[in-house]
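Hello,

Here is the structure I promised to pass on to you. Have a look at it first, and my notes follow below.

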Amino acid sequence: MTEFILKTNELTRTYNSFNALDNVSITLEPGKIYGLIGRNGAGKSTLMRVIAGLSYPTSGSMELFGKKSAKAIQAERKRIGSMIESPSLIMNMTAKENMKAHRTMRGIPNTEIEDELLQLVGLSDTGKKKVKDFSLGMKQRLGIAISLINNPELLILDEPINGLDPLGVKEVRNLLIKLCEERHITILISSHNLPELFQVATDYIIIHDGKIKQTLTLDQLENRCRKHILIECEEPEKLLSILETEFNTTNFKVLPNKTIKLYDHVDEKKKVAQALFNHGILTTNFSIEGDTLENYFISVIGGEEE
Ligand code: ADP
């Protein structure tokens, strides 16, 4: 088995002389949920369209399920399910009728999959209700059920959470986690809002102006955004013993270069500084670090306000 599902190599997509995608190189490993995060116009849909074969790159290459040639990649796309831009729903039909229509269009003989997927996305009891009377969250979940009809290994969802109310957001988030955990589907999901996908995605790909600005794991993201006092001092061992004895905490991380991140007592900066002073520890840096997710995202894409 290949250790990655998709690898893109310097994918570029140009419209007139404008680079909607600019040398995008990403790797998707199986069993993970990738959050593709970027402002409107960053290039998220373009990247998803190129991967799904709905658009083509101007230059660059990709490898899908270990296949490299254009013909083989096209064949492997059968293993992808996607919902890019709005889901293709037939408004005058019920959920079940929509499932049947899409199943037939795709030439999938297994009729049982209709109920099975409706159950999976929590829409099995919508009966005769027409899709036009569904909430936006229900429509999104039906769209996801339709994208699962071919039993995909890679699911690509473009902004499925956009515009949902908090309950709808929760339902879609839970569904994604379930698809990943129970069905082992690798998911690439886009959003213009980092907090929206926080803790849902296992990995984050931040895109801006068609360029990948950063890729990081949930762990790394949590660490970068966690508030702490950053202390750089001459006698870190002495500082650690003060933290343990006087402040009764081991909630810190020791970094190289005589630097310590203290996660407790962040609101008691003065008290910590006073203790350092009392023990004669010379500090070369003492600052509060860590950011909100949104500020962190802004700092990664270059600090421009919306
Ligand atoms: P996102 O999904 O992140 O909002 P898109 O991928 O839709 O961004 O768009 C990226 C950029 O490419 C935008 O500036 C958009 O206007 C441009 N773009 C996308 N599709 C086309 C197209 N068919 N023709 C010209 N420009 C396009």
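**Around the ligand**

A polar backbone atom of alanine 42 is 3.1 Å from an oxygen atom of the ligand, which counts as a polar contact (a pair of N or O atoms within 3.5 Å). Glycine 43 also has a polar backbone atom 2.9 Å from a ligand oxygen, and for serine 45 a polar side-chain atom lies 2.7 Å from a ligand oxygen. On its own the ligand has 560 Å² of accessible area, and the protein covers 58% of it (Shrake-Rupley method, 1.4 Å probe).

Before you read on: this is a predicted model, where local features need pLDDT of at least 70 and side-chain atom pairs count only at pLDDT 80 or more, while totals for chains, interfaces and linings use all residues. Residues are numbered from 1 along each chain as its sequence is written, and side-chain values use heavy atoms, with hydrogens and water left out.

The residues around the ligand (a heavy atom within 4 Å of it) include Tyr15, Phe18, Arg39 and Lys44. By class, this shell has four nonpolar, five polar and two charged residues, with Gly counted among the polar ones. Helix α1 (44–52) and strand β2 (18–24) each supply at least two shell residues; α1 gives the largest share, three residues. Helices here are DSSP runs of H or I with at least four residues, and strands are runs of E with at least two.

**Charges elsewhere**

How many salt bridges are there? The count comes to 16, taking a side-chain nitrogen of Lys or Arg within 4 Å of a carboxyl oxygen of Asp or Glu. One of them joins aspartate 203 to lysine 32, with the closest N and O atoms 3.9 Å apart. This pair links distant parts of the chain, 171 residues apart: aspartate 203 is in strand β9, and lysine 32 is in the loop between β3 and β4.

The charged end of arginine 79 sits over the ring of phenylalanine 65, 3.8 Å from its centre (CZ of Arg or NZ of Lys within 6 Å of the ring centre and within 35 degrees of the ring normal). Arginine 226 lies over the face of tyrosine 263, also 3.8 Å from the ring centre.

Best wishes

How values were computed
A polar contact is a pair of N or O atoms within 3.5 Å; within protein, one must be able to donate a hydrogen and the other to accept it, and residues adjacent in sequence count only if both atoms are side-chain atoms.
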